[in-house]
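Please work through the exercises below with the sequence and the model open beside you, and try each task before reading its solution.

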Amino acid sequence: MTVNITEQIQEKAREILSSGQVELIIGYQRASDGVTARPAFIRKAENVAKLIFDQTCTHNLAKYAIEHRGKSMAIVAKACDTFGINVLIQENQIIREKTYVIGVNCPGVVEVSFGQVGDKLQYRCQICQEHAPAVYDYVAGDPVEEKPLGFDPYIKVKVLEALSQEERIAFWEKHFERCIRCYACRNACPQCYCTECVVEQIDPDWVGIPIQVPEKQIFHVIRAFHLAGRCIGCNECERSCPVGIPLSLMNMKFSQDVEDQFGYKPGRDPEVCAPLATYQPDENLGIGG
Amino acid sequence: MSLDYEPRIIGFLCNWCAFAGADLAGTTRTGYPSNIRIIRVPCSGRVDPLLILKAYQQGADAVLIAGCHPGDCHYVQGNYFARRRFALLRQFLDYLGIEKERLRLEWVSASEGRKFARLVKEMTEEVSRLGPRKDTVRRPVKVATE
């Protein structure tokens, strides 16, 4: 199966690259450590053999689509990555006609770190219920059987919600204290593309320079809020965090609330308006009176 | 919590309804607690979550956002967007440990001076009961130098 997907992707990539349909293929190649994967940018048909796909291909390549916006390109995208591409199309960041999506029926990716490949699926893949790409021009791989989950995908959020206020404050303080404000979470996120980020603005100086808990907490709340109704749960932020802050717990809280209140899941259909960009005049959200 | 604890409430009032309502409370001499510090904004839809967090960081005990009633927005739909935004933010801040009572979104029309006074009174009592904030979005207030 692994060989199968790789071959399919290579064949398709060679075809569209040599026909001149696209000028760039964004895919995966084997990293220098020999076991994990890294993003690959292929411009010549003879380099297509570098492309791979297996369960170590964890990156969300939609991020690189923004950097190459305007070019005709092809992206190798797992199911969750196609949601990210959909959000970018919805927000007019990339042009659908110029983007060739090589969708992959994704069996889930395993936990990886430099030089090491685990055999356990990543948490986001354990709770994944949509393995087929949402937007594609070509699909590689066999359809993955959708099995009922058997537990609540937001169980981790619910557990934290059930704690007392003091425990929650202590929990988050413990994590925010470790943050070094490297902004890797923001940089890795395919949905964060502002040219000037609000946390780096100097005038007005919304988020101060000190690397202290209040500033770090404001940064994290704003980062999470800017992803409310947009986060597709690819978990690149948490994976790229050098100090291991559970950022997914913040993103999933918003995903859960958006799903409960507005019945919306981002990235499934670019034609449906995002929840915070629309409204119902007579809705009751338990606020305003 | 000391007995002389006085909560500080920051009020973001929309220019067209709530601010005029607060004005009316003043001109009709309807008394309300002086714990609220009012900031006039063009619309409740203008209030960015960042403003609220900044208020908390600078030591506010609670934040009130007041705008026009649904359907009355000067900009037609600003308050509807605000409603969705703060419904989410309120739940999220509660998740991080800032109680839901510390963030309120209310509709106050230009003729509702009494409602405004009642709201401020209610909120001051509620926040006094809760006491000072226990979470970590706070740092010592520094006086800005121009």
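**Exercise 1. Decide whether Glu283(A) and Arg84(B) are buried or exposed, and then describe how their side chains are related.**

Solution. In this predicted model, Glu283(A) is buried, and Arg84(B) is buried as well. A search over all chains of the structure finds 22 salt bridges. Placing the two partners, one finds Glu283(A) in the segment after α10 of chain A and Arg84(B) in helix α3 of chain B, so the pair joins two chains. Between chain A and chain B the count is 1 salt bridge.

**Exercise 2. Describe the contact between chain A and chain B: how many residues does each chain give, and which elements of chain A take part?**

Solution. Start with the residue counts, which are 46 residues from chain A and 35 residues from chain B. The two chains bury about 4000 Å² between them, and 65% of this area is on carbon and sulfur atoms. On the side of chain A, the residues that lose the most area to chain B are Trp206(A), Tyr279(A) and Ile287(A), which together make up 18% of what that side buries.

Turn next to polar pairing, where 16 residue pairs are found in polar contact across the interface of chain A and chain B, with both residues of each pair at pLDDT 80 or more. The elements of chain A that give two or more residues to the side touching chain B are α5 (155-161), α6 (165-178), α8 (213-226) and α10 (247-262). Of these, α8(A) gives the most, with 9 residues. Sorted by class, the side of chain A that touches chain B holds 28 nonpolar, 8 polar and 10 charged residues.

**Exercise 3. Find which residues of the largest nonpolar core touch the most other members, and list the contacts of Ile52(B).**

Solution. As background, nonpolar side chains in soluble globular proteins tend to be buried together. The largest nonpolar core here has 65 residues, and those touching the most other members are Trp172(A), Phe12(B), Ile52(B), Ile65(B) and Phe86(B). Helix α3 (residues 78-96) of chain B supplies the largest share of this core, with 9 residues.

For Ile52(B), set aside the neighbours within four places in sequence; the contacts that remain are Phe12(B), Val47(B), Val63(B), Ile65(B), Phe86(B), Leu89(B) and Leu103(B). There is also a second, separate core of 38 residues, which includes Tyr28(A), Ala65(A), Ile102(A) and Ala140(A).

**Exercise 4. Follow the salt bridge between Glu126(B) and Arg104(B), and work out which residues belong to the network around it.**

Solution. The closest N and O atoms of Glu126(B) and Arg104(B) are 3.6 Å apart. Glu126(B) lies in helix α4 (residues 113-130) of chain B and Arg104(B) in strand β4 (residues 103-107) of chain B, so that the pair, 22 residues apart, links distant parts of the chain. As for accessibility, Glu126(B) counts as partly exposed at 22%, whereas Arg104(B) counts as buried at 14%. Widening the view, the residues linked in a network of salt bridges are Arg104(B), Glu106(B), Arg118(B), Glu122(B) and Glu126(B).

Conventions
Residues are numbered from 1 along each chain as its sequence is written. Chains are lettered from A and ligands numbered from 1 in the order in which they are written. This is a predicted model: local features need pLDDT of at least 70, side-chain atom pairs count only at pLDDT 80 or more; totals for chains, interfaces and linings use all residues. Side-chain values use heavy atoms; hydrogens and water are left out. Contact means heavy atoms within 4.5 Å. Buried area is the accessible area (1.4 Å probe) that two parts lose on being put together, summed over both. A salt bridge is a side-chain nitrogen of Lys or Arg within 4 Å of a carboxyl oxygen of Asp or Glu. A polar contact is a pair of N or O atoms within 3.5 Å; within protein, one must be able to donate a hydrogen and the other to accept it, and residues adjacent in sequence count only if both atoms are side-chain atoms. Helices (H or I, at least four residues) and strands (E, at least two) are DSSP runs, numbered from the N terminus. Ala, Val, Leu, Ile, Met, Phe, Trp, Tyr, Cys and Pro count as nonpolar, Asp, Glu, Lys and Arg as charged, and the others, Gly among them, as polar. A nonpolar core is a set of buried Ala, Val, Leu, Ile, Met, Phe, Trp, Tyr and Cys residues joined through side-chain atoms within 4.5 Å. Buried means under 20% relative accessible area, exposed over 50%, partly exposed in between (1.4 Å probe, protein chains only).
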